[in-house]
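Reader: Please take a close look at one part of this model. Keep it brisk, and give the cut-offs as you go.

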Amino acid sequence: MILKKSIGLYIFLSIITCGLFMLYWLVSIANDVNEASGEQGTTGGVVLILTIITCGIYGWYWLYMAGQKIRIAQTKRNFTYITDASVIYIVLAVVGLSIVSYALIQNELNKISEYD
């Protein structure tokens, strides 16, 4: 079961911990996206390790895949408005705004958790 999370609190904690909390948030989002889509993808811990090893490049790939999995999760739940913001997530991350991508993904996950 996906729990609804406070986006504002997570952004605040990410800022005051100089990004360390954002690493936890990435792991949490990765696991929630897999659960929401019902597909077995890369676990949160592996996403974090691969992102660190590749200096963020795997993180960009994962953001794209997260967008695809959110679309799948919305389709399975027959949402009337289905989003595919995969490219937006990558563009934001490339310009240094990964935290905004995480917030957008978390917003979609919160909608899915409300539906469930």
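Author: Helices here are DSSP runs of H or I with at least four residues, and strands are runs of E with at least two, numbered from the N terminus. L26 sits in helix 2 (residues 20-37). The model is predicted: local features need pLDDT of at least 70, side-chain atom pairs count only at pLDDT 80 or more, and totals for chains, interfaces and linings use all residues. Residues are numbered from 1 along each chain as its sequence is written, and side-chain values use heavy atoms, with hydrogens and water left out.

L26 has a relative accessible area of 4%, so L26 is buried. Buried means under 20% relative accessible area, exposed over 50%, and partly exposed in between (1.4 Å probe, protein chains only). Setting aside residues up to four places away in sequence, L26 touches V47, L48, T51, W62 and Y102. Contact means heavy atoms within 4.5 Å. Y102 is 76 residues from L26 in sequence, yet their C-alpha atoms are 7.3 Å apart.

Now T51, one of the residues that L26 touches. T51 belongs to helix 3 (residues 44-53). Its relative accessibility is 15%, so T51 counts as buried too. A polar atom of the T51 side chain lies 2.7 Å from the backbone oxygen of V47. That is a polar contact: a pair of N or O atoms within 3.5 Å; within protein, one must be able to donate a hydrogen and the other to accept it, and residues adjacent in sequence count only if both atoms are side-chain atoms. Beyond its neighbours within four places in sequence, T51 is in contact with L26, G56, Y58 and G59.
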